[in-house]
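Q: I am new to this structure. Please take a close look at the site around the ligand, then go on to whatever else deserves a look.

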Amino acid sequence: MGEETLVAAAGPSARAPVGQPRRAAQPIRQVSTDQHDRAATDIGELDRVLGGGLVPGSVVLLGGEPGAGKSTLLLQAADAFAAGGRTVLYMSAEESPGQVRLRAQRLGALSDRVLLAGDAEVPAILALVQSHAPDVLIVDSIQTVRIPEVSGSAGSVTQVRESAAAIVAAAKEHGIATVLVGHVTKDGQLAGPRVLEHLVDAVCDIEGDRHHALRLLRATKNRFGPVGEVGCFEMTGKGLVGVEDAGRLFMGDTPPGTTGVAVTITLEGRRPLACEVQALVAKSVLTNPRRVASGLDAQRLNLLVAVLESRSDVTVANCDVYASSVGGVRLTEPAVDLALCTAIASARRDVPVLPGRIVLGEVGLAGELRLVAQTQRRLAEAARLGFTSAVVPAAYDGPAHGLQLHRARVLSGALDLALSMVSLVGV
Ligand SMILES: Nc1ncnc2c1ncn2[C@@H]1O[C@H](COP(=O)(O)OP(=O)(O)OP(=O)(O)O)[C@@H](O)[C@H]1O
Ligand SMILES: [Mg+2]
């Protein structure tokens, strides 16, 4: 059978037929760019992530867990586009148009230029696109629309892929800026085939703990702008409100002198944010003491506990260790290592970190303290926020930005500096 396939592939019938191009190829300088037509939303935090707004003919996939605020953000964006004189077609296949209208009423986003329809079949959506010729198309969500000729129910891999392909083709053909809403599975992956991510021009995610009002919008892929940019929002009754100065958003209200708390500056995209890490160390009655991480990487917590055990005098072998970030933010970069170790050591020794002090550094398996990327920008942000001193890796030789710097080569030294009650003379 393999032989048969080989013969067929080599035969003349396998050659692709020569057709007519839709447009002649052009010298690259003569190809028009649509950059000037970018549709800014005037929602600063959203535009920041999109790289200045939506590009006509581009397709954005917006993902997020249920209740993250995808529909809310898009309704607000639709209203902003409408205010800018653009027509928006909002296809709500998930909720009835009546429900969407109620939400729009709550958000104060009732504009005549926002057209609402509840069709879930792709041919009907494309027909509406043709008759209304909108500037912006929103499909909420790609998992609930289907093509009748394609087998499988809405949300199946084939349906999601085929529906998305048909909508993307229409968007490109008519130059419509399009946003597809996508669901996110429990492990944080966009549901549906990965091919969806290749089909679209940009992939954005809204993340945030549903018990907290804070939401982070992040671009993980963007053909028209930077990736790694982060938008900060607060969920309110009036919708998502951008938080421009996110400086202290992820700091708790712990009174000075509280033990088990350390502050570091994390970089979300290009944005430095001051984040608090909290730890609780309690005597365990279990044979295998618990290690529980919330908002932090559980594997990293296990590893750092092992490093603390063997490379410093902080012993937590018979203790349960709970560690958490504040405000529902997910801290995964290694720059958070020292803050996590400091919080655990502070809880164990019952000594607080001196107020106004941040700690910054990656911890290696040998207990060494490593420099983290863009330390200088992080320190500048710490100074701007009013912090006065910082424990940094010895390898840092950049400016202090007015902070008192305490340099440490190894973890144990860094912990002693971080938890020393006296303000040592820095460099
Ligand atoms: N009256 C209100 N005041 C404040 N927040 C509200 C109010 N009503 C709804 N919310 C917030 O809006 C969130 C729901 O937002 P939205 O429906 O936009 O999410 P979604 O991402 O579209 O979810 P789904 O995937 O289920 O469609 C709720 O989780 C809640 O936090
Ligand atoms: Mg929704």
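A: Start with G67. In this predicted model, a polar backbone atom of G67 sits 2.9 Å from an oxygen atom of ligand 1. K70 also uses its backbone: one of its N or O atoms there is 2.8 Å from an oxygen atom of the ligand. T72 uses its side chain instead. An N or O atom in that side chain lies 2.5 Å from an oxygen atom of ligand 1.

How much of the ligand does the protein cover? On its own, ligand 1 has 650 Å² of accessible area, and the protein covers 66% of it. Of the elements, α3 gives the most, with three residues.

Now take the shell as a whole. There are 15 residues around ligand 1, and those that come nearest are G67, G69, K70, S71 and T72. By class, the shell has six charged residues, six polar and three nonpolar.

Next, look at a pair of helices. Helix α5 covers residues 122-132, and helix α6 covers residues 157-174. Their axes come within 10 Å and cross at roughly 10 degrees. Angles under 35 degrees count as roughly parallel, so α5 and α6 are roughly parallel to each other. From α5, the contact is made by V122, L126, V129 and Q130. From α6 come S163, A166, I167, A170 and H174. Six of the residues in this contact are nonpolar and three are polar. No charged residues take part.

Two points in the backbone remain. From D140 to S141 it is cis, with omega near 5 degrees. S141 is found in the loop between β4 (136-140) and α6, the helix that also contacts α5.

Conventions: Residues numbered from 1 in each chain as written. Chains lettered and ligands numbered in written order. Predicted model: local features only at pLDDT ≥ 70, side-chain atom pairs only at ≥ 80, totals over all residues. Heavy atoms only, no water. Near = heavy atom within 4 Å. Polar contact = N/O pair within 3.5 Å; in protein donor to acceptor, adjacent residues only side chain to side chain. Areas by Shrake-Rupley, 256 points an atom, 1.4 Å probe, with all protein chains shown as cover. Helix = DSSP H or I, 4+ residues; strand = E, 2+ residues; numbered from the N terminus. Nonpolar A, V, L, I, M, F, W, Y, C, P; charged D, E, K, R; others polar. Axes fitted to C-alpha atoms, helices over the stretch in contact; angles between N-to-C directions. Parallel < 35°, antiparallel > 145°, perpendicular 65-115°, else oblique. Contact = heavy atoms within 4.5 Å.
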